[in-house]
Structures are given as C-alpha cells and as structure tokens.
Amino acid sequence: MKDMTTGLFERHEEVILLLLAALSGEHILLLGPRGSAKSELAKRLRSVFVEADYFERLLTRFS
C-alpha cells in the first residue's frame with residue numbers, strides 16, 4: 001500500500017477502497033475533478049497484481 005500512495009497527497013482512503021474492491025472482485029467508480037489522481041491510482045493498482053489487465057474509459061455527460 002505504501003507504493004501506491006507514494007507521491008500522492010491525501011489519497012490513503014482511495015487506495016484502501018481500491019484494494020478492497022480488487023480483492024473482493026467488485027467494481028469501483030472514481031469520480032472527481034481533473035487532476036485528482038484517479039487514473040494514476042488505477043495504473044498503480046495494476047502494478048500491484050502480476051497479470052492484471054487495464055483499460056480507461058473517459059466519461060462525459062454525453063456518455
């Protein structure tokens with residue numbers, strides 16, 4: 001968990017929720033303004049698991 005929070009400010013709760021969702025096999029939706037490390041957290045979560053796949057979907061109000 002320390003590797004996932006390195007360099008990120010006040011993202012401890014989000015990291016815990018991401019790990020909990022990943023380990024329980026559930027989905028998580030991260031909402032927030034641009035630049036709040038949502039994609040970065042997802043990329044770091046992928047690096048925790050050996051054979052994990054990763055994709056991004058940009059959602060807008062028209063999606």
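**View 1. Contacts of Leu45 in the predicted model.** Leaving aside residues up to four places away in sequence, Leu45 touches Met4, Leu18, Leu19 and Ala22, where contact means heavy atoms within 4.5 Å. This is a predicted model, in which local features need pLDDT of at least 70 and side-chain atom pairs count only at pLDDT 80 or more, whereas totals for chains, interfaces and linings use all residues. Residues are numbered from 1 along each chain as its sequence is written, and side-chain values use heavy atoms, with hydrogens and water left out.

**View 2. The largest nonpolar core.** Met4, Val15, Leu18, Leu19, Leu41 and Leu45 form the largest nonpolar core, which has six residues; such a core is a set of buried Ala, Val, Leu, Ile, Met, Phe, Trp, Tyr and Cys residues joined through side-chain atoms within 4.5 Å, and buried means under 20% relative accessible area with a 1.4 Å probe, protein chains only. H2 and H3 each supply at least two residues of this core, and the largest share, three residues, comes from H2; helices are DSSP runs (H or I) of at least four residues, numbered from the N terminus.

**View 3. Lining of the largest pocket.** Among the 26 residues that line the largest pocket, Ile28, Ala42, Tyr54, Phe55 and Glu56 are the closest to its centre; on a 1 Å grid over the protein atoms alone, a pocket is an open set of points where a 1.4 Å probe fits, with protein on both sides within 12 Å along at least five of seven lines, and lining residues have an atom within 4 Å of a point. Helix H2 (12-24) and helix H3 (38-48) are the elements that give two or more residues to this lining, with H3 giving the most, five residues.

Note on methods. Buried < 20%, exposed > 50% of the residue type's maximum accessible area, 1.4 Å probe, protein only.
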